[in-house]
Amino acid sequence: MSDRLIIPGQPSKPAGPEQLIVPGVSRPPDPVPLSSDPTPADVPVSETGGQPTEDAPDRDAAAGLEQVQQFLKSLHYPPSQVQLDCPQCNAEVASLVFPIQDYGANPALLTMFLSGQLNTAQCGSCGNQLMTQFPVMVHWPQQEFLGVVVPEQAGAASSPQAVIGSLQSTFLARVPAGERKGYMLAPRQFMALDRLHDALWEFQGVTREMREHRAAALSLLQRMLGVADDTSALAELARSEPALIDREFLLLAMQLGSQEAPEQHAGSPLQQVIAWLSANTQAGLEIKKQQDTLQDILQQLQAGMDKEELATRLVQLWTVGDGQDVVLALVQAVPQQFDYEFLLELSTLIELETDDQVKNSLGRMREQIDSQIKLIQQQVATLQQNAYQACVAIVSAALQSQDPAEVLRRQRRMLRGPFFNVLMNMMAQAQKNQAPQVVNRLLEIRDIALNIQAESMSEEDRFLFTLISARTVGETRAAMERQGDLISDSLLEKLDTMAKELGENDMEVQARKIRSLRNELLLRR
């Protein structure tokens, strides 16, 4: 599923004067309501009413819908909400269209656009992926680039130039006269969306050939997954395209493998392919040697290696053989170790170096570590944002569906911590808006999601989720009485970890509840 923003319900405000009306579109987009305090009518409700059945969470948790609204408010050119007809099941699908994207004011939109997260939608009824056929204008001021693409379907009722003129007028209306430049008056026109993508990728040093190579690698990996348990077939595929079986190919497989759900990880086709590549290719043998070195350092870190020892070991690695790859892999594995204290120790060692060539090399090492840490921080922030938006889309689809269980079952892999955080935030927002029907509907969705999760859980984990999802103290204690024999050290450790993570994410009220639950379980052992 693509991660995207889908706002349920219909907008209640009329179109404003700055709304972009695209010629040739039979149903003009309605502006997204950007109020930070949506009314209960903006969220679908269940047929059955009733009062909320659990206490409202702390106000700090009421960030779900408001975060989405704040994200939309931050955009220099706000999106519009549209209603699409799903060609597969004819259901109406609410989606957002981003007709003008300014990467100077909102750089996150660039990543979302190139990864296919903008101007797409997923039908909440059948799961069909929809591409919205609307024109797009993008502005990247750092590259002095203004580009536009008008899909043939979007310009059917008027000339493409009329569409481009409408987009350009809307774009320039928000650019102060003193900041207008020549390139803004003559946007580059592209015949298709993929050509616009090409231009944006090339600004980042990524050519179409590089992307095609990666696509070919993914295709080969997909074919290998189909014969993962047949070593002779794997060898034949590897011989058929030797140019693709390199270090990057194996690292790509490992990267995808790290994203597998824990219950799928052991013995999965992807892990079988990775194991075969590691044992039967030159790239695999080289990476295996580096991984052994990496594991040795990680074990020493767990045993208490200090930052001075770490800096000394990495300086030694950087100056010999293929150790530079190990250093950068270590940054990826434990970025938290490369803090200010480490950089001070590394700087001291660099200053003490007397060989100018080695000193310059170590200076580049420091720059690469610093650059990689910043990149990791950006990636983490982007992943968190994308995961949050994906979870909002799933909850929205479940709210609108007559069969929320089917919607959630299709997204089983997403039913994890971030999903339940979104649910909790939405419940807090609904309670703040005094919308008990919405609260009950969200509670129903939560219970369905927990039941789906429980289908693949161990007995201990099912007991844990029963305790956490209990709505009253009575339900919690009844579960403890029924399954008290499941209270174990591992269960208590899981609660400790959960409380710590909640506290680190500024959810102290929830963390206190988990700690209280743990203490009561401890007394019952």
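Hi everyone, let's start with a pairing: strand β8 is joined to strand β9, residues 188-190, by 3 bridges, and these two run parallel. Before going on, a word on the model: it is predicted, so local features need pLDDT of at least 70 and side-chain atom pairs count only at pLDDT 80 or more, while totals for chains, interfaces and linings use all residues. Residues are numbered from 1 along each chain as its sequence is written, and side-chain values use heavy atoms, with hydrogens and water left out.

Strands (E, at least two residues) and helices (H or I, at least four) are DSSP runs, numbered from the N terminus. Two strands pair if DSSP finds at least two bridges between them.

Back to β8. Within its pairing with β9, V149 has F190 as its bridge partner. On another side of the story, strand β7, residues 136-140, is joined to β8 by 5 bridges, and that pair runs antiparallel. There, M137 is partnered with V148 of β8. β7 and β8 make a hairpin with 4 residues between them, and E144 in the turn has a positive phi of about 50 degrees.

So how enclosed is β8, residues 145-149? 5 of its 5 residues are buried, so the strand is largely enclosed by the rest of the structure. Buried here means under 20% relative accessible area, exposed means over 50%, and partly exposed lies in between, using a 1.4 Å probe and protein chains only. In a regular strand, side chains alternate between the two faces of the sheet. In β8, F145, G147 and V149 point one way, L146 and V148 the other, and all are buried.

Now for a second hairpin. β2, residues 80-85, has 5 of its 6 residues buried, so it is largely enclosed as well. Its antiparallel partner is β3, residues 92-97, with 6 bridges joining the two. Q81 sits opposite L96 of β3. This hairpin has 6 residues between its strands, and N90 in the turn has a positive phi of about 70 degrees.

Finally, please find E460 in helix α18, residues 459-469. E460 is buried, at 16% relative accessible area. Which side chain does E460 meet in a polar contact of 2.7 Å? That is S490. A polar contact is a pair of N or O atoms within 3.5 Å; within protein, one must be able to donate a hydrogen and the other to accept it, and residues adjacent in sequence count only if both atoms are side-chain atoms.
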